[in-house]
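Dear colleague,

Please find the structure below for your records. My notes on its core, its disulfide and one of its sheets follow.

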Amino acid sequence: QVQLVESGGGLVQAGGSLRLACAASGRTSAVGAMAWFRQVPGQEREFVAAIMWNGGSIHYTDSVKGRFTVSRDNTKNTMFLQMNSLKPEDTATYYCAASRTWQQDMAFMMVRQIYGSWGQGTQVTVSS
């Protein structure tokens with residue numbers, strides 16, 4: 001089992017930036033990929049980005065391309081999400097997740113059910 005803890009959320013004005021972090025512990029050797037999802041109350045949890053844990057492949061959902069950057073530091077078992085040019089519609093609770101599997105098929109990586117471990121979430125609020 002992998003334990004995940006997010007940090008870095010907060011309140012920012014539109015156009016501003018935030019950097020989220022997700023620290024992994026436990027059986028990190030079993031991690032094939034990690035991802036960020038976000039959820040607004042009353043809506044489904046939606047995919048934001050995913051990164052191969054031991055490789056260079058990354059997926060982004062279209063709405064964040066060019067604004068968000070996902071990265072990782074394997075030595076610290078930590079994934080990051082640098083969020084720039086934030087918009088009010090980015091307001092959500094952001095969750096990190098870990099999967100044993102990475103596939104180049106983005107549609108596969110967007111499926112919540114492939115992720116066996118989830119963090120508790122961190123709130124991001126963007127004011128207009």
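The largest nonpolar core has 28 residues, and Met34, Trp36, Met79, Leu81, Met83 and Tyr94 have the most contacts inside it. A nonpolar core here is a set of buried Ala, Val, Leu, Ile, Met, Phe, Trp, Tyr and Cys residues joined through side-chain atoms within 4.5 Å; buried means under 20% relative accessible area, with a 1.4 Å probe and protein chains only. Leu81 touches, among others beyond four places away in sequence, Trp36, Val48, Phe68 and Tyr94, a contact being heavy atoms within 4.5 Å. A second, separate core of 11 residues includes Ala33, Phe47, Met52 and Tyr115.

This is a predicted model: local features need pLDDT of at least 70 and side-chain atom pairs pLDDT 80 or more, while totals for chains, interfaces and linings use all residues. Residues are numbered from 1 along each chain as its sequence is written, and side-chain values use heavy atoms, leaving out hydrogens and water.

A disulfide (cysteine sulfur atoms within 2.5 Å) joins Cys22 to Cys96, with 2.0 Å from S to S. Cys22 lies in strand 3 and Cys96 in strand 9, 74 residues apart; strands are DSSP runs of E, at least two residues, numbered from the N terminus. Cys22 is buried at 0% relative accessibility, and Cys96 is likewise buried at 0%.

An open sheet of four strands has the order 1-3-8-7 with antiparallel pairing, where pairing requires at least two DSSP bridges. Its edge strands are strand 1 (2–7) and strand 7 (68–73). Six bridges join strand 1 to strand 3, and Ser7 has Ala21 of strand 3 as its bridge partner.

Yours sincerely

Definitions and conventions:
Buried means under 20% relative accessible area, exposed over 50%, partly exposed in between (1.4 Å probe, protein chains only).
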